[in-house]
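Me: I'm new to this one. Can you walk me through some of its helices and loops?

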Amino acid sequence: MAETRTFRAAPPVRPEFEVKPGEAAHVGDVARPLSLWERIANNTTARRIFILVVLALAWELYARWIKSPMMFPSFLDMSEALYDNFVRGPLVDRTLTTIKVLLLGYAAGIAIAAVFTTIAVSTRIGTDLLSTLTAMFNPLPAIALLPLALLWFGLGTGSLVFVLIHSVLWPLALNTYAGFRGVPETLRMAGRNYGLRGLRYVVLILVPAALPAILSGLKIGWAFAWRTLIAAELVFGASSGKGGLGWYIFQNRNELYTDRVFAGLATVILIGLAVEGLVFTTLERLTVRRWGLQH
């Protein structure tokens with residue numbers, strides 16, 4: 001058979017052309033200094049203060065609209081009562097009493113949670129123990145234990161500390177243990193290769209790697225403890241003539257000083273904002289954000 005050959009046509013040659021560069025489009029100043037408004041908008045503290053000012057203005061306008069100081073005092077009336085009770089009233093003593101009890105219960109809850117989680121990551125029986133106890137007691141409201149606490153520990157600080165430990169222990173232990181379980185296996189093996197065991201293994205390997213989860217547990221535990229203590233003081237009342245913020249709110253409610261009731265609630269809110277903004281935010285900035293574990 002005759003051999004057939006196929007020839008492919010040469011590809012077309014694109015004609016060369018030259019384009020003269022035009023003027024660059026204006027893209028803005030790369031290193032332009034920020035204006036005052038832009039600096040304020042980029043500041044987290046300034047934005048939060050703006051939100052608080054807007055809420056205070058809305059409060060004042062609503063109070064003036066309903067015109068019922070007994071039911072809903074204005075922001076200015078509340079501010080006047082807050083200032084008066086801080087300067088000449090019992091609000092400072094009430095606040096210090098509450099904070100003292102809160103720190104006792106919070107510290108005790110952290111210590112017990114640390115023991116539980118250390119045992120849980122070290123032994124299987126510890127894991128089962130923590131899982132069982134958290135499943136049993138974490139859904140149980142801490143304030144529901146107050147009657148038993150009063151029966152066991154009497155009318156004193158011990159009853160309040162007991163319910164605070166319950167409110168802090170279980171959410172902190174759960175978050176810490178979840179953080180420990182999320183530590184990469186590479187870090188675990190590195191710690192074991194260096195001969196770390198037991199408490200040293202937990203402190204040097206697990207705690208730094210699980211610090212974001214631990215800080216979340218501390219925040220949740222703080223919020224639970226703060227709410228539980230105020231609610232317990234509303235029921236618990238005063239011991240030896242000394243009551244906290246909850247008792248201050250309850251007492252002024254009975255005497256129909258609504259502006260003072262709102263002043264007590266505002267004190268609770270301000271303390272919560274201060275702890276969140278000064279303590280936990282600073283701790284996160286110095287640890288997990290600085291280490292690159294959180295953005």
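Me: What should I know about the model and the numbering?

Reply: It is a predicted model: local features need pLDDT of at least 70, side-chain atom pairs count only at pLDDT 80 or more, and totals for chains, interfaces and linings use all residues. Residues are numbered from 1 along each chain as its sequence is written, and side-chain values use heavy atoms, with hydrogens and water left out.

Me: Is the crossing of α4 and α7 left-handed or right-handed?

Reply: α4 passes α7 in a right-handed crossing. Right-handed means the near helix is turned clockwise from the far one by less than a right angle, and left-handed means anticlockwise.

Me: What residues make up the contact of α4 with α7?

Reply: They divide into 21 nonpolar, five polar and no charged. Ala, Val, Leu, Ile, Met, Phe, Trp, Tyr, Cys and Pro count as nonpolar, Asp, Glu, Lys and Arg as charged, and the others, Gly among them, as polar.

Me: And how do α5 and α7 cross?

Reply: The axes of helix α5 (residues 124-137) and α7 come within 10 Å and cross at roughly 135°. The two are therefore oblique to each other. α5 passes α7 in a left-handed crossing.

Me: Stay with α5. Which of its residues are buried?

Reply: G126, L130, L133 and T134. Buried means under 20% relative accessible area, exposed over 50%, partly exposed in between (1.4 Å probe, protein chains only). Seen down the axis of α5, the buried residues fall within an arc of 100°, so they line one face of the helix. The arc is that of the directions from the helix axis to the C-beta atoms.

Me: What about the face turned away from the buried side of α5?

Reply: That face carries the exposed residues R124, I125 and A135.

Me: Switching to α9. Which residues are buried there?

Reply: Y201, V202, I205 and L206 are buried in α9. They fall within an arc of 120° seen down the axis, so they line one face of the helix. On the other side of α9, L199 and R200 are exposed.

Me: Now loops. Where is K67?

Reply: K67 is in the loop between α2 and α3 (75-87). Phi of K67 is near 55°, a positive value in a residue other than glycine. K67 counts as exposed because its relative accessibility is 72%.

Me: And where is L256?

Reply: L256 is in the loop between α11 (245-254) and α12 (258-286). Its phi is near 65°, a positive value in a residue other than glycine. At 55% relative accessibility, L256 counts as exposed.

Me: Last one. Where does Y62 sit?

Reply: Y62 is in helix α2 (residues 44-66). At 41% relative accessibility, Y62 counts as partly exposed. Y62 and F72 are 10 residues apart in sequence, and 8.8 Å apart in space, C-alpha to C-alpha.

Note on methods:
Helix = DSSP H or I, 4+ residues; strand = E, 2+ residues; numbered from the N terminus. Axes fitted to C-alpha atoms, helices over the stretch in contact; angles between N-to-C directions. Parallel < 35°, antiparallel > 145°, perpendicular 65-115°, else oblique.
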